[in-house]
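Look at the sequence and the structure first, then read on.

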Amino acid sequence: MNAHFDAEAHRQMGVEADVVLRLGMLLMGAGTSGYRVLRAMKRSARALGFNKLDATVGLTQITCTFHRGPLFRTVISRQHSPAVDASRIEAIEDLTHNRLYAGITAEELSAMLDQIEHDVRKRWGRIILSLAAAVACGAFAFLNSFPLEALGLVAVAAFAGQFMRHVALSNHVHQIGGIVAGGVTASLVFFAITEFLGLIGAADPSNFSSGYVAAVLFLIPGFPLFSALIDMARFDFDAGLVRLAYAFCVIFAATFTVAMVSWLTDLNPEPPVPATNLRWYCFAFVASFCGIAGFAFLFNSSRRMVLVAAAVGTVANGVRLGLLELGTTPYFAAFVGGTIIGLLGAVASKAARLPRITTTVPAAVIMIPGVTMFRAVYYLNAGEMDHAVANVATGMMVVASIGAGLVLSRLLTDPDWALGRLIDFSHQPPPKP
């Protein structure tokens, strides 16, 4: 055996590497970008006395190598259920920015993570989340100019769909199964209500049956979608591409499910005639605020996050709608809206002491062309390829434009991100308070 081999040093290094990896897995599992995961892990590794950390962050797996003098250790971990938890992101970011100190032990850091796992729970119950989905989808229906009589139906159907999805996920059903359950439930509930209203002569279902596509918008994975675009803008393809693939899998599962139901029920997502009067635009600000707040609840955001994200997103979406009224393309309007969200979010999140991603991404979700995505698959299923391709191209360009706006604002407001500054291991964190 090598006379210089220090078994205790290797054992301790393994313990410390494991706790840093655990921190990274918790943060990655909360849905944040690979950039934030990597920086948080490097901060904690530096505080524990490592000289260097090389890591590859994906969606469900982290591979990292720790260095301390001549010693190194490579560890890998993976999980199987991606999720979004804005409150956990906030808690871990607070830990890595404000509570680490030079010489912290693995046991102390592990205890801090234990406390976060114990204290940061799901803030909102099944009913609240279902109501949030109802409000968000109802607001989306208004912003997409669906008839007013359809808004209530959209809200009821979205409530039922989110409730069913939550039940499925609570019983450890695979995420795809939860998406299918939620989409089928929301679509069938909407169809059943419209048929009932037509049966009793209260309304003509053909006047608002297209609103079912708004009732399933709670299934669109906005958080991983924008996190992927931000990672890819840094050429971090290990994190960005897998997140983008995950988002597309969720989108395809949701849209395909709803397209199958629409084929069976003859629901038709024909676009409504856009409203252009001043009164509609006044109510659009209220709808934007309520819609963003509803989606933020679904991300397990705190009340403070909900208010900040909703305020930022309402301003940006109002500008976007104004630009559309002036005749600009949807892509330019989306780009300007994304830029405003990034700029205002940078200021607001700093003032509220919140992680930037917990305010900017929920604020941007209201601008995702979810209705266009569902129409694309519907037309594909109907064999109308011209309409299908047009909707796919429109949806992709709008999402890319929003992401480009978020990236531009990040370049303008975050010097570390813009200049590619890494965590400097030669500068230790402050001593223990």
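Q: Where is the place of Asn-144?
A: This is a predicted model, in which local features need pLDDT of at least 70, side-chain atom pairs count only at pLDDT 80 or more, and totals for chains, interfaces and linings use all residues. Residues are numbered from 1 along each chain as its sequence is written, and side-chain values use heavy atoms, with hydrogens and water left out. Helices are DSSP runs of H or I with at least four residues, strands are runs of E with at least two, and both are numbered from the N terminus. Asn-144 sits in the loop between α5 (126-143) and α6 (148-170).

Q: Is Asn-144 buried, partly exposed or exposed?
A: Buried means under 20% relative accessible area, exposed means over 50%, and partly exposed is in between (1.4 Å probe, protein chains only). Asn-144 has 28% relative accessibility, so Asn-144 counts as partly exposed.

Q: How far apart in space are Asn-144 and Val-371, C-alpha to C-alpha?
A: In sequence, 227 residues separate Asn-144 and Val-371. In space, their C-alpha atoms are apart by 8.1 Å.

Q: How many helices and strands does the protein chain have?
A: Some of the helices carry the residues discussed here, including α15 (residues 385-413), where Arg-410 is placed. The count for the protein chain is 16 helices and three strands.

Q: Why does the radius of gyration of the protein chain agree with a compact globule?
A: The radius is taken over C-alpha atoms, and the globule rule is 2.2 Å times the number of residues to the power 0.38. For 433 residues, a compact globule would have a value near 22 Å. The protein chain agrees because its radius of gyration is 23 Å.

Q: What share of the residues in the protein chain is buried?
A: The protein chain has 433 residues. Its C-alpha trace spans about 90 × 45 × 40 Å along the principal axes. Buried residues make up 54%.

Q: What span should helix α4 have, and what is the distance between its end C-alpha atoms?
A: The expected span is 1.5 Å times one less than the number of residues. Helix α4 (residues 106-119) has 14 residues, so the span should be 20 Å. The end C-alpha atoms agree, at 20 Å.

Q: Which elements do the buried residues of α4 pack against?
A: In α4, the buried residues are Ala-106, Leu-109, Met-112, Leu-113 and Ile-116. Seen down the axis, they fall within an arc of 130°, so they line one face of the helix; the arc is that of the directions from the helix axis to the C-beta atoms. They pack against α1 (7-29), α2 (34-47) and α3 (86-99).

Q: Which residues is Arg-410 in contact with, leaving aside its neighbours within four places in sequence?
A: Arg-410 is buried, with a relative accessible area of 9%. Contact means heavy atoms within 4.5 Å. The partners are Tyr-35, Arg-36, Ile-230, Arg-356 and Trp-417.

Q: How many disulfides does the structure hold?
A: A disulfide is a pair of cysteine sulfur atoms within 2.5 Å. For Cys-290, the nearest cysteine sulfur is that of Cys-137, 13 Å away. The structure's total is zero.

Q: Is Phe-235 buried or exposed?
A: Phe-235 lies in the loop between α8 (222-233) and α9 (237-265). Its phi is positive, about 60°, although Phe-235 is not a glycine. With 65% relative accessibility, Phe-235 counts as exposed.
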